[in-house]
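This report looks at salt bridges and at the helices that take part in them.

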Amino acid sequence: GINAEYGAHAAFSFSSHMIVCVGIVGKRNNPLFLKNFRHTEDGLKFHFIVHTSLDVIEEKTTKKPSGSTFSQEMYLGLLYPTEEYKIYGYITNTKNKFIVVVDESGTERKDDMRTFFRRLHDTFTDMVCNAFYNPEDVISSKKFERELTNLVKIFQN
């Protein structure tokens, strides 16, 4: 399971950085999953932030640097900052988008975010490989939600 696999990597941390929300959006920009880790905040605010991120992801993934062969970097980095949050993005080879909203206070390291997204992608892939999951469906798997919560805890300790 995820604990055995990722437990040894608990040394990665965001110091005082807090992941406050994780969103997953399908290839047709259909919302698949949204988890608010800060229950004091209005969940609607995070829906808006995730939705707003889609334009930035679209822009970042359609621009090809001139003269370069197109190799898609899955980790998109910082999509945009707000007064309170920094919003990071990642896109899978199947065009699913992962959006992570991080509390502004503190400093994160780029490698930590990249590692978090890779592990989120692994967790997502495990769930998608379930024969009973249709890739266009909203994610309702309790196991996926539990593993994601554990992953967020690892990165915040």
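In this predicted model, Glu 84 is partly exposed, with a relative accessibility of 39%. Its side chain meets that of Lys 45 in a salt bridge, 3.4 Å from N to O. Because Glu 84 sits in the loop between E3 and E4 and Lys 45 in helix H2, this pair ties together parts that are 39 residues apart in sequence. Lys 45 is also partly exposed, at 27%.

The structure holds five salt bridges, among them the following.

| Pair | N to O distance |
|---|---|
| Glu 84 and Lys 45 | 3.4 Å |
| Glu 136 and Arg 28 | 2.9 Å |
| Lys 143 and Glu 147 | 3.4 Å |

Glu 136 is partly exposed at 32%, whereas Arg 28 is exposed at 59%.

Lys 143 and Glu 147 both lie in helix H4, four residues apart, about one turn of the helix. Glu 147 is buried, with a relative accessible area of 12%. Other buried residues of H4 include Phe 144, Leu 148, Leu 151 and Phe 155. At the start of H4, the backbone nitrogen of Lys 143 has a side-chain oxygen of Ser 141 within 3.3 Å. H4 covers residues 142-156 and reaches 21 Å from its first C-alpha to its last.

Helix H2, residues 43-62, reaches 29 Å, close to the expected 28 Å. Its buried residues include Phe 46, Ile 49, Val 50 and Leu 54. Strands E1, E2, E3, E4 and E5 are among what covers the buried residues of H2.

Technical notes: Residues are numbered from 1 along each chain as its sequence is written. This is a predicted model: local features need pLDDT of at least 70, side-chain atom pairs count only at pLDDT 80 or more; totals for chains, interfaces and linings use all residues. Side-chain values use heavy atoms; hydrogens and water are left out. Helices (H or I, at least four residues) and strands (E, at least two) are DSSP runs, numbered from the N terminus. The expected span of a helix is 1.5 Å times one less than its number of residues. Buried means under 20% relative accessible area, exposed over 50%, partly exposed in between (1.4 Å probe, protein chains only). Contact means heavy atoms within 4.5 Å. A polar contact is a pair of N or O atoms within 3.5 Å; within protein, one must be able to donate a hydrogen and the other to accept it, and residues adjacent in sequence count only if both atoms are side-chain atoms. A salt bridge is a side-chain nitrogen of Lys or Arg within 4 Å of a carboxyl oxygen of Asp or Glu.
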